[in-house]
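Dear colleague,

Please find below the structure I am handing over to you, with its sequence. My notes on what was found in it follow directly after.

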Amino acid sequence: MLQRNPLFPHVIELNHQARQRITCSVYLIYDDQNNWALLDIGFEDAVDEVLELIRQLDFPYSKCVTLIASHADVDHIQGLAKAKQILKTTVACHPAAAIPLESGDRLSTFAAIEAQGIDLDMPKVEIERRLNEGDKIQIGDVELEVWHTPGHTDGQLSFRLGNLLLSGDNIFRDGSVGAIDAHHGSSIPGFISSLKRIQESDVEWLLPSHGPAFRKDNAMLQKTIDRLETYLHMADFGTCAIDWPLMDEWEQELLEGKTPE
């Protein structure tokens with residue numbers, strides 16, 4: 001058996017445990033009686049390695065309470081169907097994420113991006129529990145509070161555990177955020193609202209879905225919020241922007257017959 005190396009009390013991040021990058025951040029949340037749940041699972045080809053690591057950490061498969069999807073992106077959830085079958089457990093996610101997961105929607109999950117040659121399977125998986133804002137997930141004696149934090153996707157969830165926030169693709173240590181894409185259900189106003197909620201909260205540590213955990217830094221969050229607020233008025237993100245002031249300026253210049261200076 002391997003010695004457990006928790007990132008925080010009751011939380012093991014499996015890439016950190018393995019001391020190598022296996023897949024996206026995969027958080028194993030557990031209580032003192034070895035009841036456990038998994039937040040995200042990664043690609044299907046990572047499932048065997050992830051589950052073997054869990055076995056070597058002496059967490060019985062029979063004590064898996066549920067598998068949780070932070071959101072419905074292929075790099076987080078492609079392995080759900082396989083893991084669920086092996087563990088004989090349930091899957092939980094936001095109702096908006098349940099739709100592409102149960103239908104195997106390859107477009108909205110980023111499993112298929114023809115222009116970039118991305119062509120991945122997206123196995124369908126039945127969702128037993130739909131999670132909404134304020135719900136609680138009980139993992140034995142440990143309780144996760146569900147936050148609905150849309151922006152990256154409409155079904156993006158975060159999970160509070162004491163002074164920790166398992167924060168999905170909302171914000172990363174370098175100040176970047178999860179991809180903004182109209183096919184994905186992204187919302188820049190939603191993103192800004194979610195980041196402000198995180199900023200204004202009293203959580204101390206953010207545990208993102210990619211990369212290292214880090215102490216919440218309100219100045220860094222503000223810099224990211226300020227950047228996203230400029231995106232609201234630019235063509236860079238197409239229909240995810242709310243307007244494009246340049247077009248109003250151009251219309252006025254056309255009326256005035258203005259030529260380039």
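In helix α7, the buried residues are M220, L221, T224, I225, L228 and Y231. Because these residues cover an arc of only 140° around the axis, they are on the same side of α7. A219 and K223, on the other side of the helix, are exposed. Please bear in mind throughout that this is a predicted model.

The cover over the buried residues of α7 includes α6 (188–200) and β14 (214–215). The helix itself runs over residues 218–231, which makes 14 residues. From its first C-alpha to its last it reaches 20 Å, close to the 20 Å expected at 1.5 Å a residue. The N-terminal end of α7 is capped by D217, which has a side-chain oxygen 3.0 Å from the backbone nitrogen of A219.

Strand β14 also belongs to an open sheet of six strands, in the order β9-β10-β11-β12-β13-β14, with mixed pairing. β14 and β9 (136–139) stand at the edges with a single partner strand each, so one side of each is left without a neighbour in the sheet. Within this sheet, β12 (residues 164–168) pairs with β13 (residues 205–208) in the parallel sense, over four bridges. L166 is found opposite L207 of β13.

Strand β10 covers residues 142–148 and contains V142. Is V142 buried or exposed? V142 has a relative accessible area of 5%, so it counts as buried. Apart from neighbours within four places in sequence, the contacts of V142 are H10, I29, Y30, D31, I137 and L161. V142 is also 9.1 Å from W36, C-alpha to C-alpha, although 106 residues separate the two in sequence.

β2 pairs in the antiparallel sense with β1 (residues 11–13), over three bridges, and I29 is the bridge partner of V11. β2 also pairs with β3 in the antiparallel sense, over four bridges, with L28 opposite L38 of β3. Five residues lie between the strands in the hairpin of β2 and β3, where N34 takes a positive phi near 70°.

As a general matter, nonpolar side chains tend to be buried together in soluble globular proteins. The largest nonpolar core here has 37 residues, and those that touch the most other members are L14, W36, L38, I54, L80 and L101. Two or more residues each are given to this core by β2 (27–30), β3, α2, β4, α3, α4, β5 and α5. The largest share, five residues, is that of α2.

Helix α4 (residues 80–87) deserves a separate note. Its buried residues are L80, A83, K84 and L87. Which side of α4 do these residues take? They are on the same side of α4, because they cover an arc of only 100° around the axis. The elements that cover them include β3 (36–39), α2 (47–56), β4 (64–68), α3 (74–77), β5 (91–93) and α5 (95–103). After α4 comes K88, with a positive phi near 55°.

Helix α3, one of the elements covering the buried residues of α4, contains H76. The relative accessibility of H76 is 0%, so this residue counts as buried. Leaving aside neighbours within four places in sequence, H76 is in contact with C24, D40, I41, G42, S70, H71, D169, S209 and H210.

Finally, two further residues have a positive phi. H10, in the segment before β1, has a phi near 75° and is not a glycine. With a relative accessible area of 26%, H10 is partly exposed; H10 is also one of the contacts of V142. D58 is placed in the loop between α2 and β4. The phi of D58 is about 70°, again positive in a residue that is not a glycine, and its relative accessible area of 44% makes D58 partly exposed.

Yours sincerely

Definitions and conventions. Residues are numbered from 1 along each chain as its sequence is written. This is a predicted model: local features need pLDDT of at least 70, side-chain atom pairs count only at pLDDT 80 or more; totals for chains, interfaces and linings use all residues. Side-chain values use heavy atoms; hydrogens and water are left out. The expected span of a helix is 1.5 Å times one less than its number of residues. Buried means under 20% relative accessible area, exposed over 50%, partly exposed in between (1.4 Å probe, protein chains only). The arc is that of the directions from the helix axis to the C-beta atoms. Contact means heavy atoms within 4.5 Å. A polar contact is a pair of N or O atoms within 3.5 Å; within protein, one must be able to donate a hydrogen and the other to accept it, and residues adjacent in sequence count only if both atoms are side-chain atoms. Two strands pair if DSSP finds at least two bridges between them. A nonpolar core is a set of buried Ala, Val, Leu, Ile, Met, Phe, Trp, Tyr and Cys residues joined through side-chain atoms within 4.5 Å.
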